[in-house]
Amino acid sequence: MRTSDRPPPWLLALAAAAFAVQTDDFIIIGVLPSIASGLHVPEAAAGQLVTVYSLVYALTAPLWAVLFARLPRRRVLLWALAVFTAANAAVPLADSYPALMALRTAAALAAAVVLPSALAIASTQAPPERRGRHLALVMTGLTGAVLAGVPLGTWIGALLGWQATFVFCGLLGALSLLLSARTLPAAADTADGERRTLAALVRPLLDRRVAAVLAATVPAVAGNLAFQTYIAVVLSGLAGVTPAVLAALLVCSGAGGLLGTQAAGRLVDRIGALRAFLTAGAVFCAAMAAMALLWPLAPVPVWAVVAPLLVVWSAAAWAMPPSLQALMLDGAGAEAAAQAMAVHSSSVHVGAALGGAVGGAVVAASPGLLPAAAALAVAPGLLLGPLARRAPGR
């Protein structure tokens with residue numbers, strides 16, 4: 001690998017921060033029964049910890065971005081990582097459900113600052129010709145969390161108790177805090193909004209292209225999460241997979257996600273954000289259509305048919321976010337990067353919530369309809385994406 005192709009240390013630190021917050025977001029699913037048992041609450045109540053985390057993140061990310069726009073991005077990121085680390089490290093002290101809910105809320109408030117800030121720093125510090133790859137590398141932290149962070153945290157919880165799972169997330173936060181403090185360049189410690197009014201900070205987000213990206217993001221995420229949330233149900237009906245085989249297939253799909261994220265970064269830099277998004281979305285719909293057409297032939301071969309389709313689906317699904325982020329930055333501009341990434345993160349959470357609801361309704365009717373429903377959900381995003389194209393002469 002040429003020296004110029006090696007990611008700078010500060011970019012790896014930002015990917016580590018993304019890895020930490022994404023692991024923390026998903027990790028509770030793996031230890032939810034243990035939490036319910038340990039705190040003597042129903043599992044439905046323990047599940048609300050996930051709902052509250054997502055709602056707090058979605059509602060506060062744009063607010064933080066505007067409030068902190070006049071502060072240096074590097075400093076904001078470091079303080080948010082410190083709060084995130086403390087909120088997770090303190091979980092062993094929480095001896096009641098309300099106390100744990102308060103700590104999860106604090107962690108969500110911090111995460112709503114960390115990820116948008118990391119993406120904003122990555123995009124503004126990147127050379128123009130490498131912006132897509134910089135964003136993709138930060139997004140690799142999210143994919144890696146699903147592939148490695150969540151399983152490892154779940155295993156730690158099974159071995160040492162559910163509180164240890166959150167301590168693990170706190171250690172990840174502390175590591176990313178240390179790496180970021182040591183490696184982030186001084187140029188990241190700027191405050192682009194220092195002399196700008198509140199109206200000026202918000203104005204870039206009212207751009208037609210920004211609205212188009214947000215409108216495209218919600219169905220794109222919803223379609224993916226509708227399938228991903230109920231993937232075990234679909235694969236059971238399609239190929240009769242056992243839990244052990246499902247675990248292996250999820251590893252394959254995680255590897256596909258890593259490849260797709262990196263491919264998206266290169267596509268953005270070579271053919272542009274819009275064409276990269278449309279390409280990824282078209283491949284996603286094709287993979288879902290193939291799975292829908294295979295349903296009447298069930299059971300189908302797992303490793304010859306299902307595994308390759310899952311790799312293609314996952315690669316396409318994870319290629320869409322970096323493309324949409326780059327498209328968002330094209331519309332909002334570099335000066336509003338933090339606000340743009342925060343608002344985009346909120347739209348992702350809205351899409352995720354919608355996808356879970358849609359997926360549940362479709363599965364209740366017939367699991368075999370879910371792949372087709374996922375493709376149909378993503379389709380409006382592909383139709384809305386071109387509205388984000390820069391107008392001639394701008």
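**Figure 1. Contacts of Trp295 in a predicted model.** Trp295 touches Val234, Gly237, Leu238, Pro367 and Gly368, leaving out residues up to four places away in sequence; contact means heavy atoms within 4.5 Å. Trp295 is placed in the loop between H11 and H12; helices (H or I, at least four residues) and strands (E, at least two) are DSSP runs numbered from the N terminus. With a relative accessibility of 22%, Trp295 counts as partly exposed. Buried means under 20% relative accessible area, exposed over 50%, and partly exposed in between (1.4 Å probe, protein chains only). Ser366 is 71 residues from Trp295 along the chain, and their C-alpha atoms are separated by 11 Å. The model is predicted, so local features need pLDDT of at least 70 and side-chain atom pairs count only at pLDDT 80 or more, while totals for chains, interfaces and linings use all residues. Residues are numbered from 1 along each chain as its sequence is written, and side-chain values use heavy atoms, with hydrogens and water left out.

**Figure 2. The cis peptide bond between Ala298 and Pro299.** The bond joining these two residues has an omega of about 0°. Pro299 is found in the loop between H11 and H12.

**Figure 3. Helix H10 and its packing partners.** H10 covers residues 243-271, and at 1.5 Å a residue its 29 residues should span 42 Å; the C-alpha atoms at its ends are 40 Å apart, which agrees. The expected span is 1.5 Å times one less than the number of residues in the helix. Buried positions in H10 include Leu246, Leu249, Ser253, Thr261, Ala264 and Val268. Glycines are also among the buried residues of this helix: Gly254, Gly256, Gly257, Gly260 and Gly265. The buried residues of H10 pack against helix H5 (131-160), helix H9 (231-239), helix H11 (273-294) and H12. Just after H10, Gly272 takes a positive phi of about 100°.

**Figure 4. Packing of helices H8 and H12.** Two packed helices are described by the angle between their axes and the distance between the axes. For H8 (residues 208-229) and H12, the angle is about 165° and the axes are 10 Å apart. The axes are lines fitted to C-alpha atoms, for helices over the stretch in contact, and angles run from 0 to 180 degrees between N-to-C directions. H8 and H12 are therefore roughly antiparallel to each other; angles under 35 degrees count as roughly parallel, over 145 as roughly antiparallel, 65 to 115 as roughly perpendicular and the rest as oblique. H8 passes H12 in a left-handed crossing, meaning that the near helix is turned anticlockwise from the far one by less than a right angle. On the H8 side, the residues that meet H12 include Arg209, Val213, Ala220, Asn224 and Phe227. On the H12 side, the residues that meet H8 include Leu310, Trp313, Met320, Leu324 and Asp330.

**Figure 5. The largest nonpolar core and a second, separate core.** A nonpolar core is a set of buried Ala, Val, Leu, Ile, Met, Phe, Trp, Tyr and Cys residues joined through side-chain atoms within 4.5 Å. The largest has 104 residues, and Leu14, Phe227, Phe284, Leu310 and Trp313 touch the most other members. Helix H12 (residues 302-332) gives the most to this core, with 17 residues. The second core has 19 residues, including Ile27, Leu103, Val150 and Phe166.

**Figure 6. Leu14 and Leu184 in contact.** Beyond its neighbours within four places in sequence, Leu14 is in contact with Leu77, Ala118, Ile121, Ala122, Val138 and Leu184. Leu184 lies in the loop between helix H6 (162-183) and helix H7 (198-202). It is buried, with a relative accessible area of 7%. Leaving out residues up to four places away in sequence, Leu184 touches Trp10, Leu14, Arg74, Leu77, Ile121 and Leu179. Leu184 and Leu12 are 172 residues apart along the chain, with their C-alpha atoms separated by 9.9 Å.

**Figure 7. Ser117 in helix H4.** H4 spans residues 97-125. Ser117 counts as buried at 10% relative accessibility. Its contacts, not counting residues up to four places away in sequence, are Val76 and Leu77.

**Figure 8. His40 between helices H1 and H2.** The loop that holds His40 runs between helix H1 (9-39) and helix H2 (43-67). Phi of His40 is near 60°, a positive value in a residue other than glycine. His40 counts as exposed, at 73% relative accessibility.
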